[in-house]
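Morning, everyone. I have one model to show, and I want to talk about how its parts meet. Here it is.

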Amino acid sequence: MGRMPHTPSAPVILGNEPGSFPHSVLAERHPAIIRQVREAFPYGPAQHRALDALLASCTKGVVEPLPADAHDRARWTAWGMAEYAGRSWYDIPWLWSESYFYRQLLNAVGYFGPGPWQGIDPFRPFKLAELDSQETDEELAALDALSAQDQDQDRALLHGSLWGNRADLGFRLSAVTADAEQPAPGLVADDSETLWSLLPPAGAGTLCLIADNAGRELIPDLLLIAHLLERGRIERAVLHIKPYPYYVSDATTADVLDALRRLTGAQGAAVEYGRILWSAMADGRLIVRAHPFSAAPLPYADMPDDLRAELATAALTIVKGDLNYRRLVGDRLWPPTTPFGDLTAYFPGPVAALRTLKSDVITGLAPDTEAALVAAEGQRWRTGGTHALIQVRP
Ligand SMILES: O=P(O)(O)OC[C@@]1(O)O[C@H](CO)[C@@H](O)[C@@H]1O
């Protein structure tokens with residue numbers, strides 16, 4: 001499926017190896033997510049039955065095609081549904097199974113309607129709890145103590161956005177991984193100098209930020225955007241969010257609005273950042289985009305022409321998070337030293353990945369970095385969420 005003609009290839013990750021991380025996501029995380037969503041709302045009997053059916057299907061059954069009248073049937077057909085329908089969730093690309101699971105979960109709770117549950121985000125209670133948490137208060141209060149030096153602020157806000165990816169709600173809901181609050185070790189790759197060179201002072205370019213999670217990740221993403229606009233390193237930002245709830249905590253337009261209200265309703269410096277963002281949305285310097293491909297079960301190498309053309313105009317595209325990283329380099333078991341630049345050569349413009357490591361995919365490591373990680377942790381560093389990277393292809 002991946003179209004990377006001039007790059008080396010590696011096995012696509014499937015979910016069918018018992019004991020592997022992808023297998024545990026399908027066998028344990030998805031049932032746990034169904035349970036939590038079921039408990040979070042007073043759903044009616046039809047929704048409970050649909051959730052039961054999804055649980056049976058995703059644990060023991062096969063991928064069922066979307067109903068003939070589903071609004072997005074043609075889109076999913078183009079994305080591979082005919083190829084995977086009738087097959088076990090475990091034997092097809094893991095990226096595809098996971099994405100389709102979320103599509104089917106939304107279906108089960110009536111998200112796509114018609115009906116009174118249309119548009120009700122089944123993950124919203126978890127997202128709001130995170131946004132309202134004391135940790136968020138503390139992070140916003142920390143803005144008041146930021147050094148006035150531009151360089152210090154650049155670094156603090158870039159690292160805030162990076163480490164905001166550390167604990168996504170999928171981790172918390174299923175608790176299959178290490179404690180996300182452990183102290184943070186260093187970065188396994190750090191191309192931040194190249195990143196800043198692409199966002200020069202008095203820059204007139206556009207930053208595209210392909211967002212990941214709502215709540216405690218989206219807030220620092222927005223702060224970074226506000227900072228770059230305010231310092232004149234970019235003229236305009238385009239924030240790509242998901243058109244519908246996805247991977248538990250991925251940001252939608254509603255989550256952007258909740259985050260903005262959280263900022264403008266806070267105290268101290270946070271309010272000023274909120275105002276910058278609010279006015280940037282009003283005058284078109286900050287645009288929110290919900291492209292259907294943002295929730296596609298495919299690598300970015302397969303992006304459609306309109307998205308390719310849009311990203312081609314950006315001075316830099318920042319790709320946030322673990323899932324987006326898997327889609328950026330291809331969800332494959334690359335040798336960890338495979339150059340990041342080779343695997344992202346297809347991307348239409350300069351691209352940066354800001355990601356904490358939460359799945360097996362990894363590229364662009366120096367040989368001694370990989371050796372040190374393996375010596376210290378075996379392969380746990382790949383999925384534990386305690387390491388991070390900043391990788392850039394200019
Ligand atoms: O993209 P994010 O929020 O950083 O992480 C998403 C994630 O939790 O979901 C997948 C497993 O379901 C993994 O790729 C990763 O661990």
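Between domain 1 and domain 2 there are 4 residue pairs in polar contact, both residues at pLDDT 80 or more. A polar contact here is a pair of N or O atoms within 3.5 Å; within protein, one must be able to donate a hydrogen and the other to accept it, and residues adjacent in sequence count only if both atoms are side-chain atoms. Helices are DSSP runs of H or I, at least four residues, and strands are runs of E, at least two, numbered from the N terminus.

A word on the basis. This is a predicted model: local features need pLDDT of at least 70, side-chain atom pairs count only at pLDDT 80 or more, and totals for chains, interfaces and linings use all residues. Residues are numbered from 1 along each chain as its sequence is written, and side-chain values use heavy atoms, with hydrogens and water left out.

Now the domains. Domain 1 is 21-124 and domain 2 is 130-393, with bounds from an automatic or database domain assignment. Their centres, over C-alpha atoms, are 26 Å apart.

How much area do the two domains bury between them? About 2,300 Å², 67% of it on carbon and sulfur atoms. That is accessible area (1.4 Å probe) lost on putting the two parts together, summed over both. R29, W79 and L95 supply 29% of what domain 1 buries against domain 2, more than any other three residues.

Salt bridges next: a side-chain nitrogen of Lys or Arg within 4 Å of a carboxyl oxygen of Asp or Glu. The interface has 2. Separately, the side chains of E98 and R326 form a salt bridge at 2.8 Å, N to O.

Last, backbone. Most residues other than glycine have a negative phi, and most peptide bonds are trans. The bond from G113 to P114 is cis, omega near 5°. P114 sits in the loop between α5 and α6. A202 has a positive phi, near 60°.
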